[in-house]
Amino acid sequence: MLPVKINGILFRKIRFQESSLIVNAITENGTLRSLLFKGALRRSSKLSNELLPFAVLKFTYYHKGSKNIYIASQVELVEDFEFIRESGYYVQVEIAKLVKNATQLLTSDSENPKVYSVIVEMLRKWRELENVNLHLLKAGFMLKILTFSGFRPTISTCANCGESISESKQIFFSPSAGGFVCDACPTPSDSFSSNFKDSLVMGKLLSQSFDRYIEIVVRNPKRINEFVERFWMYHVSEKFDV
Ligand SMILES: [Zn+2]
């Protein structure tokens, strides 16, 4: 049987039996994989040092195993984002949460390479993102992941009647309606009061690359992030790590 060699990002390591590790990874195809590294915790094995978080790794594994856990034999470092591991614990926890939330939209038998690309883009640019507001960054990351997974919120028009949002003085953001709602339409009970500027900010978060977020001027980034979190919880999962 020929081995599979594929790049990916590790997001969880679980001890298995005496000395083995099960690694959960997102592959470059945007597929979730559980890989068993036998003996990885033995003192003689280098594997546990090589199985790094916040890095692109090349995994070698065989399409055999049980319960969708494949037997892996090798791992190589492809691209290291060591500056993340060197940053504070709080930062690492925040990034790990974002990546874990993104995995909720991936499965072991479907592909979504764009979600993988968004994750790698964020990790790669992290050093340049130090001065970007964390609420904005989180909101933008989740918006991109949602959009590439088929859950794009309606931003520039009313989610209910389709009218341009810019015509309305007062608008609302409603997860159950699917995005922004104009003042002429009924507002569902989960509506947040909002305004045209919020919709512009959300549009920029979605369309611009992370390193341009520093140019986005917003008075209350925490509220924008709350909109996206609520949208995520309504459409994807209540199990959302905030
Ligand atoms: Zn409307």
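**Salt bridges across the chain**

Glu94 and Lys138 are both buried. They also pair up in a salt bridge, with 3.1 Å between their closest N and O atoms. Welcome to this predicted model, where the count of salt bridges comes to nine. Side chains of opposite charge can pair when their charged atoms come close. Here are three of these pairs, one by one.

**Glu94 and Lys138**
- This pair links distant parts of the chain, 44 residues apart: Glu94 sits in helix 3 (residues 89-103) and Lys138 in helix 5 (residues 134-148).
- Glu94 and Lys138 also belong to one network with Lys97, joined by salt bridges that share partners.

**Asp211 and Lys125**
- In the salt bridge between Asp211 and Lys125, the closest N and O atoms are 3.3 Å apart.
- Asp211 is in the loop between helix 6 (196-207) and helix 7 (221-235), while Lys125 is in the loop between helix 4 (113-124) and helix 5, so the pair ties together parts that lie 86 residues apart in sequence.
- Asp211 counts as partly exposed, at 28% relative accessibility.

**Asp198 and Arg223**
- Asp198 and Arg223 form a salt bridge whose closest N and O atoms are 2.5 Å apart.
- Asp198 belongs to helix 6 and Arg223 to helix 7, so this pair ties together parts 25 residues apart in sequence.
- Asp198 has a relative accessible area of 7%, and buried means under 20%, so Asp198 is buried.
- Arg223, at 26% relative accessibility, counts as partly exposed.

Notes
Residues numbered from 1 in each chain as written. Predicted model: local features only at pLDDT ≥ 70, side-chain atom pairs only at ≥ 80, totals over all residues. Heavy atoms only, no water. Salt bridge = Lys/Arg side-chain N within 4 Å of Asp/Glu carboxyl O. Helix = DSSP H or I, 4+ residues; strand = E, 2+ residues; numbered from the N terminus. Buried < 20%, exposed > 50% of the residue type's maximum accessible area, 1.4 Å probe, protein only.
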